Amino acid sequence: MILTKLLRSLAEGLFRGRRLRAQPPAAGAQRFLPKHSAAEMDRTPNFFYPVFWGTDDNNAVTESLESVTKRLTPGYHFADNLLTWGRNLSMFDDAPFVAAWKANAESPSDQAIVWRRYVLACAAYHCMQLEGDFVECGAYTGVGIKTVVDYLGGQAFPKTFWGYDVFEHDDTMLNHAGPEHGKDLYQRVCEKFASYPQIRIMKGRIPQVFADGCPDRIAYLHVDLNQAPAEIASLEYLFDRMVPGGILILDDYEWSGVYREQKLAEDLWFEDRKYRVMPLPTGQGLVIKR
Ligand SMILES: C[S@@+](CC[C@H](N)C(=O)[O-])C[C@H]1O[C@@H](n2cnc3c(N)ncnc32)[C@H](O)[C@@H]1O
């Protein structure tokens, strides 16, 4: 009798396990995943978009790099302080991504950071198939959020995406002001998402604004605040809520100069938790939650 019960509960356990495997979390989200468009063997895209930072003579840098890229094999990229060549530039082979990026880019910076956007899109593709919401700390104009959402179903995007920002700037803030900051930015971003009920635009200062609403489980976390204390505060509040396999992208981690303080603070924070941030050539940092 005891043996029969034991065998039954073992069988039930196995069956439950199989059912779980057959229906992974957020399986319904898979129908919103864009199909990868086939790359052509004999076509290698180039990207030359001379928007960059940290020089006292933009024209001189642009001219010299124009002449340099003429001498390079195809697959060159120059934008967003990243010069490389002989690469596939995979983002331009992914037609649904190109459509989302083009439809949403509003400024020259949005155009230039296409590689960064594709890192976000690929992370989001992965995270769509996990339990948990999406979060961006530092939503600004909402272009980053909307590019990702439009890549993954647009208005039918099946997850809740939380975007936090103050949307205004004042001198007490450590980050630099953006050209779009001001009294009406919050309203403009809300209007941008008027037909996207799953996008929650949260106005307020991090970390205090989290008290107004914050998901318990997070699959995708993009932290882009341009300052160390608020980024560390975001990690303190949100990282433990990330689900295993969830992806964190730190937008400024691998940028030096004024952004270096962020990396130094984040390295210490992650060292205590036995994580290493993967520095990406785009200037971002990537962490996969265990
Ligand atoms: C570089 S922008 C974000 C760009 C955006 N992620 C994108 O992909 O287009 C940085 C934003 O962080 C916001 N920010 C900085 N510190 C903040 C804080 N403590 N609380 C809320 N927002 C903050 C700024 O208002 C600014 O809009």
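This is a predicted model: local features need pLDDT of at least 70, side-chain atom pairs count only at pLDDT 80 or more; totals for chains, interfaces and linings use all residues.
Is Ile218 buried or exposed? Ile218 is buried, because 25 other C-beta atoms lie within 10 Å. Residues are numbered from 1 along each chain as its sequence is written.

Let us take in the whole protein. It has 9 helices and 10 strands; these are DSSP runs (H or I, at least four residues, for helices; E, at least two, for strands), numbered from the N terminus. The C-alpha trace spans about 85 × 55 × 40 Å along its principal axes. Of the 290 residues in the protein, 36% are buried. Two residues are in contact if their C-beta atoms, placed from the backbone, lie within 7 Å. Among contacts with a separation of 6 or more, 75% are between residues 24 or more positions apart.

Ile218 gives an example of what such a contact looks like. Ile218 sits in strand S7, which covers residues 218–223. Val243 is 25 residues away from Ile218 in sequence, yet their C-alpha atoms are 5.9 Å apart in space. Leaving out residues up to four places away in sequence, Ile218 touches Gly132, Asp133, Val135, Leu238, Arg241, Met242, Val243 and Gly246.

Now turn to the helices. Helix H2, residues 58–69, has 12 residues and reaches 16 Å from its first C-alpha to its last. That is close to the 16 Å expected at 1.5 Å a residue, where the expected span is 1.5 Å times one less than the number of residues. H2 is hardly covered, as the count of buried residues among its 12 residues is 0.

Ala124 counts as buried because 24 other C-beta atoms lie within 10 Å. Apart from its neighbours within four places in sequence, Ala124 is in contact with Phe134, Val148, Leu152 and Tyr220.

Two packed helices are described by the angle between their axes and the distance between the axes. Helix H3 (residues 95–104) and helix H6 (residues 143–151) pack at an angle of about 145°, with their axes 8 Å apart. Here axes are lines fitted to C-alpha atoms, for helices over the stretch in contact, and angles run from 0 to 180 degrees between N-to-C directions. From H3, the contact uses Pro96, Phe97, Ala100, Trp101, Ala103 and Asn104, while H6 brings Val143, Lys146, Thr147, Asp150 and Tyr151. By class, this contact has 7 nonpolar, 2 polar and 2 charged residues. Ala, Val, Leu, Ile, Met, Phe, Trp, Tyr, Cys and Pro count as nonpolar, Asp, Glu, Lys and Arg as charged, and the others, Gly among them, as polar.

The next stop is the ligand. It is surrounded by 19 residues, and the closest are Gly138, Tyr140, Gly144, Ile206 and Ala230; a residue is near a molecule if its C-beta atom, placed from the backbone, lies within 6 Å of it. The elements that give two or more residues to this shell are H6 and strand S5 (161–165). By class, the shell has 8 nonpolar, 7 polar and 4 charged residues.

Ile206 leads us on to a backbone feature. A cis peptide bond joins Ile206 and Pro207, with omega about 10°. Pro207 belongs to the loop between strand S6 (199–203) and S7. Ala233, found in helix H8 (residues 228–238), touches both Ile206 and Pro207, not counting residues up to four places away in sequence. Ala233 is partly exposed, because it has 18 C-beta neighbours inside 10 Å.

Asp80, in the loop between strand S2 (77–79) and strand S3 (82–84), has a positive phi, near 55°. Phe167 also has a positive phi, near 65°, and lies in the loop between S5 and helix H7 (185–192). Asp80 is buried, with 20 other C-beta atoms within 10 Å, and Phe167 is buried, with 24.
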